[in-house]
Amino acid sequence: MNQPGIDLTAASTPMMKQYLSIKREHPDAILFFRMGDFYEMFLEDAVLAADILKITLTSREKNKEKAVPMCGIPYHAAEGYLTRLLKAGHKVAICEQVEDPGKARGLVKREVVRIVTPGTAMEESLLDAREPSYLASIYRTKEGVGLSLVDASTGDFRAAQWTGPDAVLRLDVVMAQFAPREVLFPENAHGLEPFGDGPDRDVHLTKVEGFRFFPEAGEEALKNLFGVHTLAGFGLEGLRLATGAAGAALWYLQKVYGDRLGHLRPIRVIRSEDWLVLDGNTLKNLEILSSQPHGLRQGSLLYQMDRTVTAQGARLLKEFVVRPLKNAEAINDRLNLVQELVENPLLRGSIRERLRKVSDLERIVSRVGSGIAVPRDLGALRRTLREVPAIRGLLAELDSDMGDGILQELDEKPELLEFLQSSLSDELPAGLKAGGIIRKGFSAELDEIRSLAGDGRKFISDLEKREKERTGIASLKVGFNRVFGYYIEVTHAHRDMVPEGYTRKQTLVNAERFVTQELREVEERILHADESIAALEKLLFEEICSRVIASSSPLQGVAGALASADCYTSLAELAHTSGYARPEILEDDMAGRLSISDGRHPVLEMLETGKSFVPNSAYLDRVDNRLLIITGPNMAGKSTFMRQVALIVIMAQIGSFVPAGDALISPVDRIFTRVGASDILSRGLSTFMVEMVETAEILNNATPDSLVILDEIGRGTSTFDGISIAWAVAEYLLSGERNGCRTMFATHYHELTELALTCDGVRNYNVAIQEWGERLVFLRHVQEGAADRSYGIQVARLAGLPDEVVERSREILKNLEKTAIDTTGRPRPVAGDVELDATMASPVDSESQMPLFDGHEGELIKELREIDLEEMTPLEAMNFLAAMKKRHV
Ligand code: ADP
Ligand code: MG
């Protein structure tokens, strides 16, 4: 509240005092202060909100020198503004008038009735239907890290704990997968940042008092919530940090929703070991959830794979995609169901058609549970339950175990459906105010008041007819407006004919309005009945909601089953329409084989319309094919090839069919990627530094079960440094604890192809190109063997570099290839006809290079010239070298 230039004492009218005292309770939220038909914002809130919402900033007590900035929004349009503030990462506290302004004496009483925060909101308009919305709570101490994740909008509740040196790294992985919208952490974090890889993440950070994270308090709160005596059943026993984090999350939710949290599902412990780990880098580099460079959903693997037709299905598929499985048997269970659905297009079509009609049951149950459901939600629930029996019937035709499991969760709930049909009207409004929610015949009391109100209305229309006859005024009519209520209107022309007992109420341009005693009485009856109807409907609506709450858990089961059914039919639809093949998942280790024939890049193959995508095969294992060195000019397709291998492995472990002719996959535990040169300027790291940090992370964490993708390591530094680092990295991956991990290494240093001569398990591949005179044709075909050179100059020409530059670089290259060397031993980029200055030790044309070597060294060069390395086996080369050494040294 320390806005410069604002004198608060000057603003302290009673209302401003009230405002400030409420604002003090919610310093970190924007306060929506209800005044009549508006929510007003003041002071910094007003300045901030006016900017985000693009609304006019005005001020209270304008004429005074120290005015209070303010802005306002109409209450009935609040939701749109609220959404925008939330998206901008702010919290909003909604403060209502809690007594009738007409009846209040003095200042109207006001209270904050809701706090809307990015991580706790669950109104439909505030959420993305196809995305989960997690609140994370992080409790980091010297022992390790506890994490809890709650999606209040679906009831999903989880926790995790890590200790040891890589605890924060593991936290980062899970944070990248769940992408929470808000993060809670203790305010007194003692220099321990809540999480490691934070600054560029788009989340709202909320500090809360440290004691909210105390494990003891968390344990009590969780036991209370779930009505249990011990947390052992949840696997939480002994996980103190996780329990503390979960307790804080629960406290925060209770602050928003009170005790209406019955829809939270039993807390589950996250065990990273169960999944193929894709860290934040890998998700980004492989464009799993969003494409580069703009972060759009289009162009991502998820976007390509998603054929779901329900919101809950879309959210589940996302979870499948960020957390593929690792256990071969579990993957095969999924694949069996997908295959069944692929092979049965008719059944698949019927299931999808039915699923299109169901609503987002998962979120409806949550909204009902937390008391923010609207009548339309119950209508959607009813519609969904109507579809369930048919969907059950269809799923019953499936044979696979997974199909059975889904069927068991898919409870029909006929009593609840029956109850909803008999209690709710056919058409339901979005809000309660509109009325007409409860079906006739459901409540005798309601029906009676309704008929009273109806009688009153009929009485009034009868009255019009009667008065017309009695007075002889043909144009007399009875009307209603909100200010004056019911009235009788007579035009000025007939003013003289107005009878006794009419009291004037309002004069218009050409008519006059009157009331009578009788009209007043009926009006009273009608308005009173309307009020009673509204109150009773609200009560009955709440009753119906509590019936739904009583069925929360089975309904969540139904929602889960619908999501699964949607997910698997989506995977089958994808497989069918994209011509994918079922991967064979190897349940025995089989030397960690990854064998893909005629693989395609799932996203690029769709984009290459007109042109056809060239399929490529890959083979890796833990023995002779541990490290593939992939060379070829820029733009040849190296990166694409490596990514497609990784994506196929990921898809296979999701339980999806894959874009390949055939694929044999032995599941991997983690995919590491080091791709592209992304400058993270905001963190002050140079490209090369980022590259090395990422490389270090891979080298320190890869296991024999990992798949590693390195795209152009060592690019950000000088050539010699780069080659040396790249070489050493490759050797490291081939040795020690991580030995057995499978690596693909794309590089433009074709010096690295010589690794195959000195290390076991290394294979050279290159992406074929064809030279047509000066030009290059990319064949996109990956073949065994090393690329013979880089073709950088040809690519530069393709890119449109001026001919002069291309020619000159060709000259320089020629010179470099003759290994002209300067005084410091570096290749020298100077062409032959340049004047030499004194510092240059050697002339540069090929003849004059020779003086570097004389005597028998000249012989040595001659011998070297004569051999043809291409024709030699490594063994012959060794022998040749040994013979030379004997002769000359
Ligand atoms: P590199 O990493 O060798 O520089 P990329 O993998 O980035 O090359 O590929 C460059 C472009 O070539 C891609 O954007 C894509 O359009 C095209 N491409 C790559 N692989 C294929 C393929 N197998 N079939 C068709 N086009 C491809
Ligand atoms: Mg590349």
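The model is predicted, so local features need pLDDT of at least 70 and side-chain atom pairs count only at pLDDT 80 or more, while totals for chains, interfaces and linings use all residues. Residues are numbered from 1 along each chain as its sequence is written, chains are lettered from A and ligands numbered from 1 in the order in which they are written, and side-chain values use heavy atoms, with hydrogens and water left out.

**Exercise 1.** Describe the surroundings of ligand 1.

*Solution.* Step one is the shell: 12 residues surround ligand 1, the closest being Val 614, Met 635, Lys 638, Ser 639 and Thr 640, where a residue is near if one of its heavy atoms lies within 4 Å. By kind, the shell holds 5 nonpolar, 4 polar (Gly counts here) and 3 charged residues. Helix H21 (residues 638–654) gives the most to this shell, with 3 residues; helices are DSSP runs of H or I with at least four residues, and strands are runs of E with at least two.

Taken alone, ligand 1 exposes 560 Å², of which the protein buries 82% (Shrake-Rupley method, 1.4 Å probe).

**Exercise 2.** In what order do the strands of the 6-stranded open sheet run, and which helix packs on E1 to E6?

*Solution.* The order is E3-E4-E2-E1-E5-E6, with mixed pairing; two strands pair if DSSP finds at least two bridges between them. Strand E3 (58–60) and strand E6 (110–116) stand at the edges, each with a single partner strand, so one side of each has no neighbour in the sheet. Strand E5 (residues 91–97) runs antiparallel to E6, joined by 6 bridges, and Ala 93 has Ile 115 as its bridge partner in E6. Helix H2 (residues 14–25) touches E1, E2, E3, E4, E5 and E6, with a direction at about 145 degrees to that of E1; contact means heavy atoms within 4.5 Å, and angles run from 0 to 180 degrees between N-to-C directions of axes fitted to C-alpha atoms, for helices over the stretch in contact.
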